Amino acid sequence: MKKKRIVIVGGGFGGVRAALDLSCHVYQDADIFLVDKDGYHEYHPNFYRIATTFLPESRIARPDTFHELRDAIAIPLTEIIDTSKIHLVEKEVSEIDPTHQTIRFTDGKALFYDWLILALGSVSNYFEIEGVQEHALELKSAHDALQIRNAIDEVFSSSPKHTPIDMVIAGGGLSGCELAASLACYVKQLTRVHPHPKDNIRITILEAGDAILRQVPSSIRRKVEKRLRQLGVRILLRSRITKVTRKEVEGIEIVSREEHPLRKKSSNEPTNPFTLPYSIFIWTAGVKAHPITDFIIGAKRNPKSCLLVDDYLRVLPFENIFAIGDIAECTPEFSDVSLPMTAQVAISEGRYVAFILKRIIHKKMIFKYHKRTSRFIIPLGSHYAIAEAGWFVISGRLGWWLKRLVTFDYLTGILPFWNAFKRWRTSHKER
Ligand SMILES: Cc1cc2nc3c(=O)[nH]c(=O)nc-3n(C[C@H](O)[C@H](O)[C@H](O)COP(=O)(O)OP(=O)(O)OC[C@H]3O[C@@H](n4cnc5c(N)ncnc54)[C@H](O)[C@@H]3O)c2cc1C
C-alpha cells in the first residue's frame, strides 16, 4: 500500500517540534516532509542579544563575525532533523491549493500532501501607516538582528561628537522592552569606545496603549517599567504613530480619560500631535500571520490574518490541514481568550498535531487540544531578567539564570546533548 504523505511547512518552533515527534512515531507508516525557505531554525528569544552584542573594533569588519553571530541564534535544520526519516526541502512555498492537496514553490514545482501542517509563523504588521515599512528596521529574523547591529554601528561611527543620537522603538510589547533594555546596556559599552557623551543618546519606547506589556500581570509590568526607567529608557504611552519620514516619527498623543476624568468617553479623541527625530527607528509594534493565509480560499481568518482553527487545530473546512503557532488563532474550549503568539504555544501545538496524526494513522481515537498556560521570562539588559514562576516573580541574576536554563532545556529537546550544550554556551557568550 502506498504510504500517506505528511507535509510540514515552516521549520520554526511549531514545525520542528511536529517533525521531531512525527519522526519518532510514524516515519515507517508515512512519508514526512519538512519544508523551510532558508533551512535554518531560528531562536527568536535571543535575537535582541545579537542586535546588541558588543564587539571589539577589530572584530567588526571580519567576515567570520557575521557567521559567528548568526550561528548563535540560527541552527541548520540538518543538525536537528534525521534526514533518513524526514525529507528536508529547502524551498519557499508560494501557494497552497487545498482542492488538489498540493503546495507550490516559488520555482514552480509542486508537492502533494495527504495532511498538511502549516507552521509559517508571522510577519510584521505595519497597519498601513505611511512610511513605516520603508524606514523601519524590524526584529523578526536573525538577518534583521544583524541589520540593527550594523545600523547602530553605522550611526555611532558616522555621527559627529555632539549630535544627539535618538533610538526610537515602536511598541512596548515583549520584544520592544527586551530590545530597549539591551540597547541601553549596549550603548553604555559603545560610549566607552566612541566619543559620544552618554547624555546625548536617548532610547524611547513609543506605545499606543495605556501601558506597556499589556499581556503580563500588572505586578510584573511595574517591575519592568521600573527597570527600564533605571536603565534610562523613556516610555511614552498613548502615543500613536501616524507617519514616519526619513528622519522623524510623527504621531498623536491620545489623552486618556484617567488623566481627564471629566471628559466623556466620546471625547477621548486624539490630541497633541508630536514629532520625534530619530537616528534608528525599530518597529516591534505589531505582527500578523504569514501572508500565505490570504491564498487559502475558504478558510476563516481573524483581523490579524491568522487562520481560525477548531479544537483539533484543523483549518476548517479542510479536515486535512492543520495550523499551529503564530499563523493560527486557537481559542481553546471553555475559554474566550485566544492563545498568545509565543514559542511555548507553537511548541505545544506542534507536539499535539504530531500526537493526533499518529493516532489518525494508527486508526485510534483522537482528543481535543488542551492549552498550556504561557509563562514569561523577560530579559532586561545585562544579567537581568524578570520571570514568572508559578506564584513567584523572580528578578535579577536569578531570573537571568532561569532564562538560560529554559534555553538549555529547549536546545536539548531538539539537538543531541553535546551539540545543544555547545550552542547554548555560544548563545550566551559575552564577546
Ligand atoms: C524578537 C522576538 C522575541 C521573542 N521572544 C519570545 C520568548 O522569549 N518566548 C516565547 O515564547 N516567544 C517569543 N517570541 C515569539 C515566538 O518567537 C513566536 O511565537 C514563534 O516563533 C512562533 O513559532 P512558529 O512555529 O509559529 O513560527 P516561526 O518560529 O517563526 O517559524 C516559521 C518558519 O517558517 C519559515 N517560512 C516562512 N515563510 C516560508 C515560506 N514561504 N516557505 C517556507 N518556509 C517559510 C521560516 O523560515 C521559519 O523557519 C519572540 C518573537 C520575537 C520576534
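1. Classes first: Ala, Val, Leu, Ile, Met, Phe, Trp, Tyr, Cys and Pro count as nonpolar, Asp, Glu, Lys and Arg as charged, and the others, Gly among them, as polar. On that basis the shell around the ligand divides into 14 nonpolar, 12 polar and 6 charged residues. This is a predicted model: local features need pLDDT of at least 70, side-chain atom pairs count only at pLDDT 80 or more, and totals for chains, interfaces and linings use all residues. Numbering runs from 1 along each chain as its sequence is written.

2. The ligand shell. It holds 32 residues, and Gly10, Gly12, His44, Gly121 and Gly325 come nearest to the ligand. A residue is near a molecule or strand if its C-beta atom, placed from the backbone, lies within 6 Å of it. Two or more shell residues come from each of α1 (13-25), α8 and α10 (343-361). Helices here are DSSP runs of H or I with at least four residues, strands are runs of E with at least two, and both are numbered from the N terminus.

3. Domains. The chain is divided into domain 1 (4-37 + 91-124 + 287-376), domain 2 (132-283) and domain 3 (383-431); the bounds come from an automatic or database domain assignment. The C-alpha centres of domains 1 and 2 lie 34 Å apart. Their contact takes 4 residues from domain 1 and 6 residues from domain 2. Contact means that C-beta atoms, placed from the backbone, lie within 7 Å. The domain 1 side of this contact has 3 nonpolar, 1 polar and no charged residues. Both domains also give residues to the ligand shell, so the ligand lies between them.

4. Helices α1 and α10. Their axes come within 7 Å and cross at roughly 30 degrees. That makes α1 roughly parallel to α10 (angles under 35 degrees count as roughly parallel, over 145 as roughly antiparallel, 65 to 115 as roughly perpendicular and the rest as oblique). Axes are lines fitted to C-alpha atoms, for helices over the stretch in contact, and angles run from 0 to 180 degrees between N-to-C directions. The α1/α10 crossing is right-handed. A crossing is right-handed if the near helix is turned clockwise from the far one by less than a right angle, and left-handed if anticlockwise. Contact residues include Phe13, Arg17 and Asp21 in α1, and Ala346, Glu349 and Arg351 in α10. By class, this contact has 10 nonpolar, 4 polar and 5 charged residues.

5. Helices α8 and α9. Helix α8 (residues 174-193) packs on helix α9 (residues 218-230) at about 30 degrees, with axes 9 Å apart. So α8 is roughly parallel to α9. The crossing of α8 and α9 is left-handed. Cys177, Ala180 and Ala181 in α8 meet Val224, Arg227 and Leu228 in α9. The contact residues are 5 nonpolar, no polar and 1 charged.

6. Helices α11 and α12. Helix α11 (residues 397-414) and helix α12 (residues 417-427) pack at about 145 degrees, with axes 8 Å apart. The crossing of α11 and α12 is right-handed. Thr407, Phe408, Leu411 and Thr412 of α11 contact Phe417, Ala420, Arg423, Trp424 and Ser427 of α12. The classes are 5 nonpolar, 3 polar and 1 charged.

7. Backbone points to check. Most residues other than glycine have a negative phi, and most peptide bonds are trans. Leu213 is not a glycine, yet has a positive phi of about 45 degrees. Leu213 sits in the loop between β13 (201-206) and α9. The peptide bond from Leu316 to Pro317 is cis, with omega near 10 degrees. Pro317 is in the loop between β20 (307-308) and β21 (321-323).

Terms used
Contact = placed C-beta atoms within 7 Å.
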